[in-house]
Amino acid sequence: MVNVTTSDILTEERVRRVMEEEQMERLVWNQMFETIPMDAEANDTVQIPEDKGLMGEPGRVTEGSEFPREEEEYDKTPITVEKHGFEVALADESTMYSVFDQVARQTEKAARRMSEYLNRLAFEEIEANLHPNSPVSATSGNFDFEVATSGRKELFDSLFEPTMMVVNTAAEKELLNSDAYRTASDLGDTITQSAEIVDGRFAGMDVVVDNSGLLGDSSTPEGIVADPSEYGYEVVAEDVSTDDYRDQSRQSQIYQIWTIRGYKAIDPEAAIKITE
């Protein structure tokens, strides 16, 4: 949690810092996308080259003959960015009557809401674009090492490199209590409970726990195994920013929190859902 203390001066810069720190803590699903900054001079749509993967085969080159030539072909996928945001009104009375802690909590709550909103935007794109064999389940009926490796196999068979696994809290509980996980932990594997991937690994993949409630429910273990380098793009024209202005009629300082971005799954087969 980000803390705003009574010693802080509430400025646009401070609000921006709270926003950045909340993003680091709460954004999970955007990690499945490669981030591309959008040219400030561009319009609201960027064309992303999509590799078809149609390469020629090497062949024998006889004396004096030409080398076999084959050029990769690319389609272009349009990704449209949109503006997202809202306003927070801080009344003069909040600081006038020494209720700064209340203002601080309101600012932090606004930052969390923005981060949760962006997390949901990324998840909605993912949920609608998954491997056609989703969901994969284990023959044991448990959410364990077998189901994780089954998801990995599906992606490997589709010529991807699964390096990331996002799980909900029910799946985290199953993993932490599985014999395979405890054995792996003795060898140095651990699991992380934040959005930052530090040393959380399971079945050779980085693991992130999502507690937003977007993936399944609190009693049904679910996860998504993915190759983030191939799955899709997050195009950012303007990162989360803040502006402020004075509304004298309301005797309030208004803070606008906004961003311009878009998410696009380029190859849905690079992500597959797993469940018990």
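## The loop between β10 and β11

In this predicted model, Gln251 sits in the loop that links β10 to β11 (252–265). Most residues other than glycine have a negative phi. Gln251 is partly exposed, since its relative accessible area is 41%, which falls between the 20% and 50% cut-offs.

## Ser241 in strand β10

Strand β10 spans residues 232–247 and includes Ser241. With a relative accessible area of 11%, Ser241 is buried, because a residue counts as buried under 20%.

The side chain of Ser241 takes part in a polar contact of 2.9 Å with the side chain of Glu238, and it also reaches the backbone oxygen of Asp239 at 2.8 Å. When neighbours within four places in sequence are left aside, Ser241 is in contact with Gln256, Ile257 and Trp258.

At the start of the helix, a side-chain oxygen of Asp144 comes to within 3.1 Å of the backbone nitrogen of Glu146.

The buried residues in α4 are Val147, Ala148, Gly151, Arg152 and Leu155. They cover an arc of only 145 degrees around the axis, and therefore lie on the same side of α4. An α-helix has 3.6 residues a turn, so residues three or four places apart point the same way. The buried residues of α4 pack against a set of strands, namely β5 (136–137), β6 (164–167), β7 (201–202), β8 (205–209), β9 (222–226) and β12 (271–275).

## After the helix: Leu159

Just after α4 comes Leu159, with a positive phi of about 70 degrees, in the loop between α4 and β6.

The peptide bond that joins Ser134 and Pro135 is cis, with an omega of about -5 degrees. Most peptide bonds are trans. Pro135 has its place in the loop between α3 (100–127) and β5, and β5 is among the strands against which the buried residues of α4 pack.

Technical notes:
Residues numbered from 1 in each chain as written. Predicted model: local features only at pLDDT ≥ 70, side-chain atom pairs only at ≥ 80, totals over all residues. Heavy atoms only, no water. Buried < 20%, exposed > 50% of the residue type's maximum accessible area, 1.4 Å probe, protein only. Helix = DSSP H or I, 4+ residues; strand = E, 2+ residues; numbered from the N terminus. Arc of directions from axis to C-beta. Contact = heavy atoms within 4.5 Å. Polar contact = N/O pair within 3.5 Å; in protein donor to acceptor, adjacent residues only side chain to side chain.
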